[in-house]
Protein chains: 2
Amino acid sequence: MNTAKDCVIGLDYGTDSVRALVVRASDGAEVASEVFYYPRWKKGLYCDPAANRFRQHPLDYIEGLEATVRGALAKAPEGTAAQVKGISVDTTGSTPCAVDRRGVPLALDPGFAENPNAMFILWKDHTGIREAEEINRLAKSWGGVDYTRFEGGIYSSEWFWSKILHVLREDAAVREAAWSWVEHCDWIPALLTGMTDPLTWRRSRCAAGHKAMWHESWGGLPSEDFLVRLDPLLSGLRDRLYRDTWTGDQAAGTLTPEWAQRLGLPVGVTVGIGAFDAHFGAVGAQIEPHMLVKVMGTSTCDMITTPETAGEEHLVAGICGQVMVQSCPGQLGLEAGQSAFGDIYAWFKQVLMWPLENLGAAFFPGEVAVRDTLIGQAAEALIPALSDAAAAVPIEESGVIAVDWMNGRRTPDANQALKGAIAGLNLGSDAPRIFRALVEATAFGAKAIVDRFVEEGVAIHGVIGIGGVAKKSPFIMQVMADVLDMPIKVAASEQACALGSAMAAAAAAGLYPDLERAQRAMGSGFETIYTPNPENAVKYRRIYQRYQKICRFIEHDFTE
Amino acid sequence: MNTAKDCVIGLDYGTDSVRALVVRASDGAEVASEVFYYPRWKKGLYCDPAANRFRQHPLDYIEGLEATVRGALAKAPEGTAAQVKGISVDTTGSTPCAVDRRGVPLALDPGFAENPNAMFILWKDHTGIREAEEINRLAKSWGGVDYTRFEGGIYSSEWFWSKILHVLREDAAVREAAWSWVEHCDWIPALLTGMTDPLTWRRSRCAAGHKAMWHESWGGLPSEDFLVRLDPLLSGLRDRLYRDTWTGDQAAGTLTPEWAQRLGLPVGVTVGIGAFDAHFGAVGAQIEPHMLVKVMGTSTCDMITTPETAGEEHLVAGICGQVMVQSCPGQLGLEAGQSAFGDIYAWFKQVLMWPLENLGAAFFPGEVAVRDTLIGQAAEALIPALSDAAAAVPIEESGVIAVDWMNGRRTPDANQALKGAIAGLNLGSDAPRIFRALVEATAFGAKAIVDRFVEEGVAIHGVIGIGGVAKKSPFIMQVMADVLDMPIKVAASEQACALGSAMAAAAAAGLYPDLERAQRAMGSGFETIYTPNPENAVKYRRIYQRYQKICRFIEHDFTE
């Protein structure tokens with residue numbers, strides 16, 4: 001059990017940055033936190049957005065680990081470091097990377113330092129679209145187990161095997177050097193605990209569960225037979241991956257002396273099993289039955305729990321998969337998500353910033369650093385300004401309707417080949433009207449998921465919102481509440497994912513007997529509730545039908 | 001016949017500005033020119049783009065008349081004014097205005113000075129969509145003549161009767177005060193020649209011919225019976241309009257002493273019959289058989305001549321209408337057009353300028369005038385910069401495909417309720433890729449018209465391009481040549497419409513026996529030929545099919 005002084009650290013690796021949150025284990029109160037933006041990623045290195053290639057260098061992660069933990073501890077009262085009992089980590093996913101025999105990501109080898117295929121393949125990378133299609137085809141046709149059944153029947157190019165196979169095919173050098181593969185959320189605990197043999201790593205069940213098609217019922221990962229049929233290049237890899245998996249309330253090991261020193265922590269601190277950000281986020285946001293936890297960041301991850309009927313599996317067609325929510329005993333967690341959410345607003349911002357970024361130098365002469373600062377400030381202010389202007393446009397007035405598939409569609413019915421659209425444009429369709437349509441589109445995408453759950457018998461009474469968009473964008477949250485015609489509660493914690501990681505760390509370190517009790521004791525409650533406006537809800541029902549029309553056209557008549 | 005010293009003036013009223021061109025009658029050489037931007041229009045007064053309402057104040061036209069003629073003469077060698085023998089005018093159209101018994105536009109009455117319904121209803125105003133539908137319905141169903149037959153079977157909300165009926169219904173004060181109505185191109189000659197009785201005005205056959213459903217075969221305008229069935233509000237108006245029409249090589253009268261003084265010209269200068277800009281533009285661009293003259297400005301007006309078979313009318317389904325091309329004897333002119341062309345680029349520019357225009361003040365502090373100048377320069381530079389960046393994007397690479405109906409569709413098959421769209425968007429679809437798709441969309445819209453002509457038996461071998469876009473945008477012209485798979489010749493004259501007006505003025509003043517000879521003597525030739533790239537042409541044929549898919553969806557499944 002914890003004492004009044006015990007602390008734990010939750011580390012949350014997001015798409016653009018990593019944050020460390022030091023909290024008091026007794027009540028979850030924040031002691032200190034620090035954020036770090038990945039420097040290589042920020043420069044756009046190793047990525048090609050037009051080709052949907054998004055890679056992250058392991059050094060971005062390592063530098064972020066040191067900077068945030070040290071940074072947070074430096075802000076905390078003296079003596080805090082000595083009180084830290086556990087550290088757990090969540091990351092984006094599926095974000096796998098090729099590792100060598102000693103478990104080192106290939107990009108840390110000087111020979112591969114600049115090779116994007118030797119880096120972490122970020123969740124939103126869709127280079128493996130063709131491979132995902134092959135997996136789906138084979139799973140349905142090969143006569144054996146349909147390994148996609150816990151993924152809602154559709155395997156995604158955003159996931160483990162699609163990405164691995166794509167890189168193995170594309171890059172002979174990486175193929176030669178890759179001994180095994182690891183999810184970002186499994187690699188950080190392995191690194192911190194000094195485990196240098198991938199065969200001994202304790203892999204996260206949450207990550208394995210549906211991103212790698214791992215399931216107890218078929219003995220772990222898909223069979224060697226299946227994988228070799230998919231491509232002989234996969235031959236033997238299954239044995240160099242894993243059979244067992246571990247849950248987020250368990251320990252991966254303890255901090256090595258080297259890492260204790262690098263982070264400024266005591267040797268022997270418990271390192272918990274990692275998880276995907278949304279899963280610890282759901283814990284941090286105090287997930288409860290019938291409430292959809294929606295992690296709203298660059299994309300969304302949506303989780304809902306449903307009573308687990310003994311011996312029966314609740315499968316929801318077209319939904320990502322089942323996850324275990326350790327904090328809700330007797331409940332089975334179902335996961336879905338939108339492939340792009342905040343990324344869509346960021347995309348539009350980027351489109352609108354083109355003149356400033358490309359003509360700025362010619363028309364705003366002066367010191368480069370000053371101009372860049374001003375342009376950066378303008379970019380920061382843009383979405384709030386657009387939100388204000390868009391909020392003033394009456395619903396239905398503009399007629400602009402967008403589809404939110406700019407990064408494909410994760411759920412329902414994963415299809416990463418789909419693309420986004422903006423229809424109903426006339427010469428009066430100004431930037432705020434288009435922005436409003438994009439916001440509505442992301443809410444319509446959320447509604448498509450909610451409707452699917454409800455059709456499949458999973459009752460949803462409301463939404464718990466976490467993530468950057470939920471905290472920062474009242475306009476977007478209100479549109480979402482109106483479109484869903486459901487209340488949205490926003491978790492009070494600024495860092496629900498990191499808080500959830502901290503709760504997991506507390507459980508893993510034995511400060512609580514289980515994660516459920518850690519969640520109850522350390523939760524931060526809610527700060528806002530968005531209530532749907534009934535008139536708007538009625539209007540949106542009609543517009544949603546038009547949105548669905550465009551969706552059907554794109555999916556059935558337009559996608560090649 | 002003309003002497004070496006004779007001069008003529010062509011006045012060209014475009015959407016945003018008016019220009020006067022003084023040329024030598026013997027060879028068309030430019031003596032001087034002046035341009036004037038409508039000040040009220042520039043401020044956005046009387047318009048509501050979101051509602052597709054676009055109105056222009058007659059004072060914008062009058063001030064432009066004086067400023068450009070005086071301005072051009074001031075730049076010309078001394079004594080030029082005394083050598084001017086004729087002045088003709090072309091304008092946008094259909095751009096009608098309500099006038100009082102003395103032929104004065106209502107907005108010149110102080111009581112109506114700020115009433116948009118008392119002003120000229122600009123060609124691109126689509127407030128009369130419902131009225132156009134009623135006209136089309138009645139024309140097909142009433143059992144009498146189908147008055148739309150020379151309009152390709154579809155009357156447009158951009159035209160005379162739709163606009164008149166809409167305003168009569170909407171505005172009781174204007175209804176009471178409107179004695180008759182006039183096209184912009186008829187009003188300027190009436191004004192200059194001092195004709196104060198609308199019944200005596202010499203109306204342009206070109207304007208009447210298809211915008212007002214005037215045709216010799218049914219005795220002029222549609223019958224009183226038809227008009228009253230359409231709406232009793234139209235009762236009696238036919239008799240207060242006109243029976244006869246005049247061609248652009250004829251004179252409307254001579255300059256009054258008052259206007260001679262205001263313009264700095266001799267009394268008695270011949271004032272020619274006016275025409276729509278595209279029609280005199282075709283003359284100025286030296287229209288010839290089998291070449292489509294495409295006036296590429298904010299919208300396009302497309303004209304082609306086809307041999308006139310004695311006694312037979314060549315009707316092309318879904319195309320605007322027949323016009324007489326006085327410079328091509330034995331040829332019947334057919335007109336089509338795109339409702340938005342340069343306006344689409346301007347719309348996208350406006351969308352992209354939102355951050356600078358709305359956040360500029362906060363982030364680029366300093367003197368307002370300096371900042372506004374810089375922002376104006378950035379706006380000017382934007383489309384050329386986007387064109388350069390878009391030209392570097394390989395065809396098909398981005399997958400972004402747009403539909404160019406942001407202002408409805410004029411031809412083929414007029415339908416102003418249609419709207420534009422952008423599909424195939426992903427997170428890498430940056431501003432240049434979207435711009436490229438918009439440029440391709442305008443070229444696809446042009447191809448739809450060309451294909452319709454060809455299907456209907458009108459051979460087209462190439463395009464003669466005139467207008468601002470043709471002169472200024474090599475990137476856009478090359479895309480157009482590749483999409484059409486046809487050469488595009490760009491007229492050398494900077495002011496083909498104004499030059500055509502000047503040719504008409506020379507014919508009207510008797511300096512040439514007919515317009516054909518004026519065109520031959522005064523033509524300025526061509527400056528550039530864009531030749532299609534065969535590989536690109538093949539690629540675009542495939543993309544065009546995808547464009548057509550979106551078009552069909554918008555038209556048949558999406559438009560309400």
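A polar contact is a pair of N or O atoms within 3.5 Å; within protein, one must be able to donate a hydrogen and the other to accept it, and residues adjacent in sequence count only if both atoms are side-chain atoms. That term is needed at the interface, the second stop below.

The model is predicted: local features need pLDDT of at least 70, side-chain atom pairs count only at pLDDT 80 or more, and totals for chains, interfaces and linings use all residues. Residues are numbered from 1 along each chain as its sequence is written, chains are lettered from A and ligands numbered from 1 in the order in which they are written, and side-chain values use heavy atoms, with hydrogens and water left out.

**Both chains**

Select chain A and chain B. A rotation of 179° with 0.0 Å of shift along its axis places chain A on chain B, with an RMSD of 0.1 Å. The two copies are thus related as by a two-fold rotation axis. The superposition is by least squares on the C-alpha atoms of residues with pLDDT of at least 70 in both.

**The interface**

Next, select the residues in contact between the chains (heavy atoms within 4.5 Å). Chain A supplies 55 residues and chain B supplies 55 residues. Because 100% of the interface residues of chain A are also interface residues in chain B, the copies meet through the same surface. About 5,000 Å² is buried between the chains, and carbon and sulfur atoms give 71% of that; buried area is the accessible area (1.4 Å probe) that two parts lose on being put together, summed over both.

Between chain A and chain B there are 13 residue pairs in polar contact, both residues at pLDDT 80 or more. Colour chain A by element: α12 (342-352), α13 (354-363), α14 (368-391), β17 (420-425), α15 (431-455) and α20 (534-558) each give two or more residues to the side that touches chain B. The most come from α14(A), with 9 residues. Helices (H or I, at least four residues) and strands (E, at least two) are DSSP runs, numbered from the N terminus.

**Strand β17 in both chains**

Select residues 420-425 of chain B along with β17(A). These strands run antiparallel and are joined by 5 bridges. DSSP must find at least two bridges between two strands for them to pair. Within this pairing, A:Gly420 has B:Leu425 as its bridge partner.

Move to the loop between β16 (401-403) and β17 of chain A, where A:Pro412 lies. The peptide bond joining A:Thr411 and A:Pro412 is cis, with omega about -10°.

**A salt bridge within chain A**

Last, select A:Arg262 and A:Glu66. They form a salt bridge, with the closest N and O atoms 2.5 Å apart. A:Arg262 lies in α10 (residues 257-263) and A:Glu66 in α2 (residues 58-75), so the pair ties together parts that are 196 residues apart in sequence. A salt bridge here is a side-chain nitrogen of Lys or Arg within 4 Å of a carboxyl oxygen of Asp or Glu.
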